Amino acid sequence: MSDPDTPAIAAATTIDFEALFETAPCGYLVSDRDGRLVRVNRTFAGWLGVTPDDLRGRRLPDLLTVAGKIFYETHFAPTLRMQGRLDEVALELVAADRRRLPVLVNANTNEGDADADRQVRFAVFLAAGRRGYEQDLLDARDRAQATIVSERADSELREQFIAVLGHDLRNPLASINSGLHLLARETLSARGTKVTELMSGSVLRANALIDNVLDFARGRLGGGITLAYDAHTPLEPMLQQVVSELRSIAPAQSIVTHFALHEPISCDHVRIGQLLSNLLGNALTHGAKDQPVRVDATTSLGELVIAVSNGGTPIPEAVLERLFQPFYRGHDRVRQGLGLGLHIASEIALAHGGTLVARSDAVATTFIFTMPLAN
Amino acid sequence: MLPILWSAHPAMPIEPTMSDGSPSQATVLDTLNVRISAGTGRTMMFAHGFGCDQNMWRFVAPDFATDFRTILFDHVGAGGSDLGAYDADKYDSLDGYADDVIELARTLDVTNGVFVGHSVSAMIGLVVARRAPELFSTIVLVSPSPCYIDDIDYTGGFTRDEIDELLQFLDSNPMGWSQAMAPVIMGNPDRPELSEELAASLCRTDPEIAKRLARVTFLTDSRGDLGPIDADVLVLQCREDAIAPPGVGAYVQRAIPGSRLVTLDAVGHCPNLSAPASTIAAIRAFV
């Protein structure tokens, strides 16, 4: 054959294996069944600053750090004995001058021979760069874990703080509320009646704010919004109650409702009430005071749709996009509120497998909540 | 917690009488990946040490399997045990591991049995012997060390700093464990007697658990657990052992009155693997 490759292959067969063993770019070690080194190549001995003869009769663990020694005796040697091979063990050699050389070691045994003849062959690779890189990764992981642990502790503290705060805020509000109920039974002047009505409205608003803050905190802390589904009780009375509560807060504004709920709805009534309360509160605050706020709730085509719309200046496109982000208060920084109401409303919509979208033009700004009737 | 993808692979049949269906039995037998031989004599329980699992008895236990009822198991966190059962609080001392041995022995109605414990399990055996002396009347301590760290008048072989370095070291050597590798079953054509599943789980453990066990193994000072004990105690020691040097074996023998020391002509920390024949002979001569 006159294949042009043939001469190259012929040349390859003249490799000097003795020289390859001695000066290979890795360390070669052969030990007897007790782990005593019977042959070590020059590359390996050179790394340690000794001669191959110096190492004969010693054991690999003798050349390792203490940690490596323990690992060798408790895991490396037993596994090698049972499995016949073990790869990629990361060890550190200790050189004659006490310098440490990070290495990776592969080993196998010449199984099949008589027990007494059993030998172990090691191939040792310098791995300072790789091991340094791994160490960096381990350090980064440890730092990240430490951060997570401290963050978790912080957030637990925050959660407790918010729970206690919510509780402590609700208590005085409840007292004010029962005080107002007592006063309502008294004969009050027209002015007194007016003041207590306003106060009742404020109590309602404050309660709604606390609800939103607590829900937001729980959501952020991983608790999420939990739902108690109810498919049997009619939803309409809950919606009517929300509307009448908000009417009492803003008696001057007209709220026009249209309810057509003819199919059973599986949802969390309190949550849907909260959603409507947030949307309606938003419409009453930001809508034009001289135009009615409309609430439409209908069931059709397997969906519940609640739409709340108000008149007034349209919301710019850019603002619409960010409306449901927490603490977003749009361009209207004068009006009160944390900017959580719409965010919580959209979270409630999501939790029900539904959507909450906003549309705004010169005629009306409308928030449309849609969810499937069956969960 | 990572999924445990290797399944139980009974090397020896579990006696039908052992599975009477009571839930607690099923639990401890599954959790500790227990293997029981069909032998009908005295019970001989083998407990493995740090760094490995019950497979380290593979050259020793079969010799006893017919004239003893041999029990092999993996400590929680090792080999084929249920990693989900690992409880950092329970297993932060030898007592947690001793609890498991006692529960296992009681579940299997062991009395006057033989307990063979290697390395840290030798010390666990002594804790068991104190807390439940009725279970085992013979305790074989293979390469034991009650304390690895040097002290005044005591040479354990290591300093505290060296043990701390070991814990760091284990981060770099996750004992063949990685999330990507866990489900891979490695073929092992050179060792047909090793089933594929076995090769995949051999001496493998979750690195976090390995580090915790290393801490318990190498930082526990069990010298207080030595002293008079109501069982026959055999100390097996290798001629050369970097982990538990001969002087430590002699210390253990002196500290347990009436105990016997046998020094095997073997090198290393695991005579059950490197010199199984003489290990078997020494145990047979004693029981």
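**Close-ups of a predicted two-chain model**

**View 1. A strand pair in chain A, seen at Val305(A).** Val305(A) sits across from Thr370(A), a residue of E10(A). This is a predicted model, and the view shows strand E8 (residues 303–310) of chain A next to strand E10 (residues 365–372) of chain A. The two pair in the antiparallel sense, with eight bridges between them.

**View 2. The mixed sheet of chain A.** Step back and you get an open sheet of five strands, ordered E6-E7-E8-E10-E9 (chain A), where the pairing is mixed. At its edges are strand E6 (255–260) and strand E9 (355–360) of chain A, each with pairing on one side only. From one strand to the next, the twist averages 10 degrees.

View 3. Helix H8 (residues 236–249) of chain A lies across E6 and strand E7 (293–300) of chain A, and runs at about 180 degrees to E6(A). Helix H9 (residues 269–286) of chain A covers another set of strands, lying across E7, E8 and E10 of chain A. H9(A) runs at about 20 degrees to E8(A).

**View 4. The antiparallel sheet of chain A.** Here, five strands line up as E2-E1-E5-E4-E3 (chain A) in an open sheet with antiparallel pairing. Strand E2 (37–40) and E3 of chain A are the edge strands, each pairing on one side only. Ignoring direction, neighbouring strands are turned by 25 degrees against each other on average. Look for H5(A) packed on this sheet, where it touches E3, E4 and strand E5 (120–126) of chain A. The direction of H5(A) makes about 160 degrees with that of E3(A). E3(A) and strand E4 (residues 100–109) of chain A run antiparallel and are joined by eight bridges. Along this pair, Glu92(A) stands opposite Pro102(A) of E4(A).

**View 5. Where chain A meets chain B.** In this view, 26 residues of chain A are in contact with 31 residues of chain B. Helix H5 (66–83), strand E3 (85–94) and helix H6 (128–185) of chain A each bring at least two residues to chain A's side. H5(A) gives the largest share, 15 residues. Sorted by class, chain A's side has eleven nonpolar, eight polar and seven charged residues.

**View 6. Two helices crossing in chain B.** Helix H3 (residues 94–107) of chain B packs on helix H4 (residues 120–131) of chain B at an angle of about 65 degrees, their axes 9 Å apart. That angle makes H3(B) roughly perpendicular to H4(B). The crossing is right-handed. Among the residues making the contact are Tyr97(B) and Val101(B) of H3(B), along with Ile124(B) and Arg131(B) of H4(B). By class, this contact has nine nonpolar, no polar and two charged residues.

Methods:
Residues numbered from 1 in each chain as written. Chains lettered and ligands numbered in written order. Predicted model: local features only at pLDDT ≥ 70, side-chain atom pairs only at ≥ 80, totals over all residues. Contact = placed C-beta atoms within 7 Å. Helix = DSSP H or I, 4+ residues; strand = E, 2+ residues; numbered from the N terminus. Nonpolar A, V, L, I, M, F, W, Y, C, P; charged D, E, K, R; others polar. Pairing = 2+ DSSP bridges. Axes fitted to C-alpha atoms, helices over the stretch in contact; angles between N-to-C directions. Parallel < 35°, antiparallel > 145°, perpendicular 65-115°, else oblique. Left-handed = near helix turned anticlockwise from the far one by under 90°.
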